[in-house]
Amino acid sequence: MSNPELALLVAVPILASTLPIVGGLKFDSIGWPVAALAALVEAALAVVVARRVATEGRYVHSLGNYPRQYGIELVADGFSAVVVLLIAVVTLAVLGYARRDGPRSNPFYTAYLLLCGGLMGIGLTGDVFNMFVFLEIVGLATYALVATDRSGRSALAALKYLIVGTAGASMYLVGVGFAFVATGTLNMAELATAIPDTVGYTDPLVVASFAFVAVGLSVKAAIFPLHTWMPDAYAESPDTVTAYISALVSTLGAYALARLVYSVYTPAFFEAVPLAGDALVAFATTSIVAGSVLAVIQPDVKRMLAYSSVAQFGMIVAAFGLGTEQALLGGVIHLVGHGLMKAGLFLAVGVIASAYGVRTVREYANLGYRSPVTAAAMGLSLLGLVGIPPSVGFLGKWYIAWGAIEAGAPVVAGVVLFSTLLTLLYVARLLETLYFRPPEAVEGAVPGADVRLLSDGGDGREAGSAGTDESTAEAGESTAGASETPPTEARPVPFEAVFVVAALSVAAVALGFAGPVFEGFLDPFLEAVL
Amino acid sequence: MTAAAAPSPSVALLAERTLPLALEVLSTRYAYATFAILFAIGLYMMIASPNLVKKIIGLNLFQSAIFLFFVAMAYVRGGSVPVIPTEGGAVGEYASPLPQVIVLTAIVVGVSLTAVALALIVRLYTEYGTLNEATIREVMDE
């Protein structure tokens, strides 16, 4: 069958995931090279898929050449191509960070590749039961990754995530079962036509099936009352893992929800059963407010960012529930933007934690001058999260708010704008600590080196290393800066880590100018589903 | 008096109608009733039990309920195993094979999940010496 690249996108990482374990019998550190190779192949394949989707539009690969009534289809359209590209980019970026900083064990890379394959599967599958299997592959790999640092705390966080996540996936499976009873098919395209043709949208089976699917996938996307696994899982897992799962796992949960809503139930279902859409939007809107409020009161930076994710996913799901063209476009853009910004932010937290060992907002005092590049990148991503204009965060929120007004739901638009203020509240708290709070006042903050002294030292270092261009300064920032200032025992941070953090935040800003590109690329998808 | 007397015939009528309906559902749709009961029990165990292993047992019960639902949905009264002979001549009714395949896959997924969960529980037990979630959290917060 043609279009093997779709199958390869899923198969390559899953097959490669066996190599670190097998090769680990003979070689000590084979995990990273294997993962890097697989990630490069994935990136190339993702670009191939995106180019084909841009020229030809939607295309499919039928696994094993079975027709879609019996077999499984992998589908590439605008939405899935965007998500596949996001997975490929984040996989590469996090691997770049992990080269020097991350877990080095071979099993870690096995789980990492398995997770990557599962995510690709969710992004590409066109079969609702196959989606369940990939959700569970992603789940299993994530539970293992959360517990990689072998501490009791992370094991409990992983177990909590496992119980809640499995309950969610099982709910989804019940929903799939109801839809199957009603229509007798599992293929998304077949379901979309079979539901109105056989039983109609208002059939109790179809409504119940939607309810189970929506609740199950809301667990995966961490919508407010079902979000409790997220802060624990993000805060207790190693920084590399947090960055990867925060950028992708819930993102694909929200993607699955949008895919089911638009490609299986279709917007006509929302018209026939208005309560379904209204309930989705109501829960998502609650999630925006609750996530933002909870984020403001967190002392721990990772926990704060985790609650911020609850709010952002609320915004994304609300956009999907609204069902207008602008809102859907905004949801997709925000999905991508949030993934990139959160990956950058959690990696920045990792850089700072590995250099200074600090993790709470208070202890970040004055770090803006100790690690200028990391702190600046962090600040950039944080402002993007608020939605300051030349950033992808602004673009997503703009389209969502616009779509909300278009859909006649000014309350949602109001909440989106209000949540921007709340986001500013916790972002400003962190930025203020980074740049304006003297470290002497805070117990546990990185001591010594007041601003004036350090800028002197910084100048001397630059003159000494004779590096005046910006990239050298970036490279030297943490390593040289840390080794030169005696008062702290800061460990040197590898160049790759700082580079990845800076690149991700720059990418998040650059994508802010890509509104027309998104619009043009997603237009065929939007027209097909709306 | 009339107001008090009025409901009684309708209540009796309701009972007359619902009781056979309930009996009929229980006698012909008992698999679905069992599904609902097991589903609820499993969910309750996962939420309410403080013991981590019992939570996982609840999870397994919850998943088994879903397997039962799928198998029950595929069942055809008087239908035979969906194996069609190669020489043809397939007549009569067959049970639907697709849900059975789904259940097989879901069982594999469930087993792997249980394995991961038990591995995590073993680690928690060696670290804290208890399976009680509340106690573990207490120890952690100290």
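In the predicted model, helix H12 of chain A passes helix H18 of chain A in a left-handed crossing. The two helices, which span residues 274-296 and residues 410-436 respectively, have axes that come within 8 Å and cross at roughly 15 degrees. Since angles under 35 degrees count as roughly parallel, H12(A) and H18(A) are therefore roughly parallel to each other. On the side of H12(A), the residues that meet H18(A) are A:Val281, A:Thr285, A:Ile288, A:Val289, A:Ser292, A:Val293, A:Ala295 and A:Val296, and their partners in H18(A) are A:Val412, A:Val415, A:Ser419, A:Leu422, A:Thr423, A:Leu425 and A:Tyr426. By class, this contact of H12(A) with H18(A) comprises 11 nonpolar and four polar residues, with no charged residues.

The crossing of H9(A) past H11(A) is left-handed. H9(A) contributes A:Phe210, A:Val213, A:Ala214, A:Leu217, A:Lys220 and A:Ala221 to the contact, while the residues from H11(A) include A:Ser250, A:Gly253, A:Leu257, A:Leu260, A:Tyr265 and A:Phe269. The residues of the contact of H9(A) with H11(A) divide into 11 nonpolar, two polar and one charged.

Between the chains, 22 residues of chain A are in contact with 26 residues of chain B. On the side of chain A that touches chain B, the elements giving two or more residues are H6 and helix H7 (152-183) of chain A, and the largest share, 15 residues, comes from H7(A). This side of chain A has 16 nonpolar, four polar and two charged residues.

At the level of domains, the assignment for chain A gives domain 1, made up of 4-438 + 493-529, and domain 2, covering 449-484. The centres of domain 1 and domain 2 of chain A, taken over C-alpha atoms, are separated by 37 Å.

Among the elements of chain A, confidence is highest in helix H6 (residues 128-146), at a mean of 92, and lowest in helix H19 (residues 451-465), at 38. Over residues 449-487 of chain A the pLDDT is below 50, and beyond near neighbours in sequence this stretch has 50 contacts in the model.

Methods
Residues are numbered from 1 along each chain as its sequence is written. Chains are lettered from A and ligands numbered from 1 in the order in which they are written. This is a predicted model: local features need pLDDT of at least 70, side-chain atom pairs count only at pLDDT 80 or more; totals for chains, interfaces and linings use all residues. Domain bounds come from an automatic or database domain assignment. pLDDT is the predictor's confidence in each residue, from 0 to 100. Helices (H or I, at least four residues) and strands (E, at least two) are DSSP runs, numbered from the N terminus. Two residues are in contact if their C-beta atoms, placed from the backbone, lie within 7 Å. Ala, Val, Leu, Ile, Met, Phe, Trp, Tyr, Cys and Pro count as nonpolar, Asp, Glu, Lys and Arg as charged, and the others, Gly among them, as polar. A crossing is left-handed if the near helix is turned anticlockwise from the far one by less than a right angle, and right-handed if clockwise. Axes are lines fitted to C-alpha atoms, for helices over the stretch in contact, and angles run from 0 to 180 degrees between N-to-C directions. Angles under 35 degrees count as roughly parallel, over 145 as roughly antiparallel, 65 to 115 as roughly perpendicular and the rest as oblique.
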